[in-house]
Amino acid sequence: MSSVKKTALTVLATALLPALTALPAHAATTDDNPGRKQPNPPSVMSTVGGSQLGRPGTQVKLGRGAPVLPKELSGRSWIVADAESGAVLAAHNAHWRLPPASTMKMLFADTVLPRLPKRQVHKVTQAELANVGEGSSLVGIKEDHTYTVHDMWLGVFLRSGNDAVHVLSAMNGGMSKTVRDMQTHAEELQALDTSVVSPDGYDAKGQVSSAYDLTLIARSGMQKKDFREYCATPSATFPGEKKKGKKRESFQIQNTNRLLTGDYGISPYKGVAGIKNGSTTHAGATFTGVAQRGDKVLLVTVMNPSANEGHAVYKEAARLLDWGFAAAGKVAPVGELVPPKSAETSKGAPSAKEPGAGKDAKGKGSDTSEKNEAQLASTDRDSSGAGVALAVTGGALLLLVGGVYLVNRRWPLPALVRRRPRR
């Protein structure tokens, strides 16, 4: 080939590279393990947040200098998004309706937590624990013992205790009412892939959510101070058995979110601040997390990875977070996290650039306009590497800095706070 032709081809390839990398990449629906096929996602899914999010496969728009997505991703569905602007940086089968396992507890907490005073004391009855599913994760609540609402929320967030969920549901008016309340709240959040059957996430016919919906729900929960504190708590003291004539015992419980606490073969993720993990027979492993680096806060959800590696759901979530922080500002959004129906937004501000953004499954538009929001307070780094974002400083939030406002922050997380173990 002549040097002229080689030069021409080089120029052409250089010119086409940005356009080619900006196109969405579609991943195969099988994982990297020979003979272990993933089921195919639906060909038609919801378009809430943008039409591209309704397409099967991986959706990403790489710009110049953007890193490629990690190869070691086997989740049936995943999403990584900016927690404040709502921009979806990349997604894979984002609206695939799948069993959520205990990540459903995020919706339970976001719905019920504001309704019950945390210092309220409740004596547990046998009936409240009678229908906890076989094999459920438990924090160790006992009948005829008293607990504060605060104790039980620690049991929900740290130990994923279905026993605590059942008692709190009874205090909310019963299981059926709580399911209805959760479904209503999901619809308010525009989490339209979500169908609630059991508030604890226990496997139940027809109980589904999606990576998109779980991320919406987590974003809503992180608006609430108590939610932020509980999901960022690595360990706590829980009331034990009360024996006649003796002081009531207590025991330590640890958060089962391994990106927060670490475990054999996995280290705490720097900057992580929750949120919730889950695992059941039908759902596989699920996880939604939030992490911060600098002034960037990302949300990630991974559902049902098929990889054989230990702690696959956490490792894949960590890879997506690493990618998201490196890719921020170098990728075009493939959609957005829509705000709740009732969210106050300024008039006339642009919504997501993706055609179809803000439409629900029926094609109806939603209000996705932007508003100026208070600037997040800066925070020190946690030298332990476990992260400091959006967590606890003795239960108190840092004040917003000086009334300075940022533009284009549609529905930001509140002021950043420092995480410390709860007592």
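Hi everyone. Let's start with Glu249, which counts as partly exposed because its relative accessibility is 41%. Its partner is Lys243: the two form a salt bridge, with the closest N and O atoms 3.8 Å apart. Lys243 counts as partly exposed too, at 38% relative accessibility.

Before going further, a word on what we are looking at: this is a predicted model. The mean pLDDT of the protein is 79, and 72% of its residues reach 70 or more. Over residues 4-36 the pLDDT is below 50, and that stretch has 39 contacts beyond near neighbours in sequence. Residues 415-423 are also below 50, with 48 such contacts in the model.

Back to the charged pairs. In general, side chains of opposite charge can pair when their charged atoms come close. How many salt bridges does the structure hold? The count is 10.

One of them joins Lys224 and Asp110, at 2.5 Å from N to O. Lys224 sits in the loop between helix 7 (211-221) and helix 8 (225-231), while Asp110 is in helix 2, so this pair ties together parts that are 114 residues apart in sequence. Are these two buried or exposed? Asp110 is buried, with a relative accessible area of 2%, whereas Lys224 counts as partly exposed at 22%.

Another salt bridge brings Glu309 and Arg319 together, the closest N and O atoms being 2.9 Å apart. Glu309 lies in the loop between strand 10 (296-305) and helix 10 (312-327), and Arg319 is in helix 10, 10 residues apart. Glu309 is partly exposed, with a relative accessible area of 28%, and Arg319 counts as partly exposed at 22%. There is also a network of salt bridges that links Arg115, Lys177 and Asp181.

Now please find helix 5 on the screen. Helix 5 is mostly covered, with 9 of its 10 residues buried. Among the buried ones are Asn162, Val165, Leu168 and Met171. What covers them? The cover includes helix 2 (104-112), strand 4 (121-123), helix 3 (126-129), helix 4 (149-159) and helix 6 (175-188).

Let's zoom in on one residue there, His166, which belongs to helix 5 (residues 162-171). His166 is buried, at a relative accessible area of 7%. Leaving aside residues up to four places away in sequence, His166 touches Glu128, Asn131, Val132, Met175 and Asp200. Val132 is 34 residues from His166 along the chain, yet their C-alpha atoms are separated by 7.1 Å. And just after helix 5, Gly173 takes a positive phi of about 115°.

Conventions. Residues numbered from 1 in each chain as written. Predicted model: local features only at pLDDT ≥ 70, side-chain atom pairs only at ≥ 80, totals over all residues. Heavy atoms only, no water. pLDDT = per-residue confidence, 0-100. Contact = heavy atoms within 4.5 Å. Helix = DSSP H or I, 4+ residues; strand = E, 2+ residues; numbered from the N terminus. Buried < 20%, exposed > 50% of the residue type's maximum accessible area, 1.4 Å probe, protein only. Salt bridge = Lys/Arg side-chain N within 4 Å of Asp/Glu carboxyl O.
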